[in-house]
Amino acid sequence: MSGTASVVGGGDKRKKVEEEEEEEEQQPGVGLRGHGQPPTKKLRNKKSKGGRYVPPPGKKNLGISFGHQHFSETQYYFENGLRKVFPYYFDFQTYCKGRWVGKTLREVFSSEFRVEPIEYYTQAAKAGRIRLNEEPADLNTVLKNNDFMRNTVHRHEPPVTAQPITILTQNQEVVVVDKPASIPVHPCGRFRHNTVIFILGKEHGLTELHTIHRLDRLASGVLMFAKTLEVSKKMDQQVRERQVQKEYVCRVQGEFPDGEIACEEPILVISYKVGVCRVHPTGKPCKTVFQKLSYNGTSSLVRCSPYTGRTHQIRVHLQYLGHPIVNDPVYNTEAWGPNRGRGGTLDKTDDELLKALVDDHRLKESLDLLEVDYQCTGKDDHKGSTNSTPPLVGQTDPFADVRAADEGNNGVEVGRGKASDHSCLEPTAGEREVKPVPVKDTLCGECKLLRKDPSAKDLIMYLHALHYKGLDWEYSSLLPSWAAADWQED
């Protein structure tokens, strides 16, 4: 079940698969109470003559954005230059998929949700954490159409940089920020509170924001939000009609050629789950124009002007040209072969590539750089599909934001969290370094692990959104330190 939710109150209408999002529904707070104890109140469940009664599906409550009830699920603490989140309890929720009808819950968990062993789900069901139509679930129950499933997990989020989000512009129409590297724009995968949307809501009181565009998690720079649906539609139309000029800077490997270099190779998403694209004849058409700004003897500073907005477009085109971003964790690795994808060459199948990327980052304990869970293998991914089943339990649904309705029902797949013995106390300047006292959960595998903090190099990619200009507006940010002409990597 996905823990994904809409970033905004219906403001993002783009139909691109990689950017679709589900609207979050407010659901009753049924799940764990206090220290991981199941609720004591049981809801009555009527039975019909034909057997187990299944209530009709709930009505979607579209247009709900994140508010204080979501922000109060947990709180931040700051340690070693990192923004961290206290673990908290969270409900993953979904209606029964058409392909599950006639199967037992145990069969569904065993075949489709292998993030945890079946023994975990057995214990979770006994603890009241898995519920069917708001009743404690029996894993031997045969699923029916419209069955509503809820699974409560103890959720952990990876740390991000403690660097504050700088607000560049705020007026009645927009909020424009300078996004630090490492912070995702909106809830996705393992990230929820450690996102720009939640930080702006919790620390700046900015809610009801509509996304206009997105930046990769490890990228930095200009990020725009609309305050109203009307403004969102107007700016979105400018984006779709190619009326927005975008300028990025990046630092690439080697000496980039002089002059303007245009790349118009089509790009195909080969895995939404792992977040990987490549140049491919069947991909979507796109165009990026590059120009070298400086060369320091080992790497080049390059200006990038994307004319389209495909996923990872700048990064994939630079890889194709043989000058990948210096510290790109996906497109500048040996998993692509000895030429690292230059010229679109690949000496393995897409599935072999995905496995090599996941195995490499699993070994380095850096799977978050691929935006997948530490327990995700990627082997169940469906290329180019939005119909894959997300993990029901654990920390992530790596491509939940591209999943709309599945077969069978109204496709409600939402999540709701609850505080894990921490009130929502906003951090002050004097609270930048506090000693965390996280609550341990007996069933949570993540609680049993001790993960090392990411280094500064793990939290940044040398790609920065420098300047955005529309018909009647433009916004710019300052150049990052790595963009200096004489910059040298330590």
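Aromatic pairs, counted where the ring centres of Phe, Tyr and Trp (its six-membered ring) lie within 6.5 Å, number 16 in this predicted model. Planes under 30 degrees apart count as stacked, over 60 as edge-to-face and the rest as tilted. Tyr462 and Trp487 form an edge-to-face pair, with 5.2 Å centre to centre and 75° between the planes. Tyr462 lies in the loop between strand E20 (413–418) and strand E21 (463–469) and Trp487 in the segment after strand E22 (474–476), so the pair ties together parts that are 25 residues apart in sequence; strands are DSSP runs of at least two E residues, numbered from the N terminus. Both residues, Tyr462 and Trp487, are buried (under 20% relative accessible area, 1.4 Å probe, protein chains only).

The model is predicted, with local features requiring pLDDT of at least 70 and side-chain atom pairs pLDDT 80 or more, while totals for chains, interfaces and linings use all residues. Residues are numbered from 1 along each chain as its sequence is written, and side-chain values use heavy atoms, without hydrogens and water.

One aromatic cluster is formed by Trp100, Phe109, Phe113, Tyr120 and Tyr121. Phe109 also belongs to the contact (heavy atoms within 4.5 Å) that Arg106, Phe109 and Ser110 of helix H2 make with Ile118, Tyr121 and Thr122 of helix H3. The axes of H2 (residues 105–112) and H3 (residues 118–126), as lines fitted to C-alpha atoms over the stretch in contact, come within 10 Å and cross at roughly 140°; helices are DSSP runs of H or I with at least four residues.

Terms used
Buried means under 20% relative accessible area, exposed over 50%, partly exposed in between (1.4 Å probe, protein chains only). Axes are lines fitted to C-alpha atoms, for helices over the stretch in contact, and angles run from 0 to 180 degrees between N-to-C directions.
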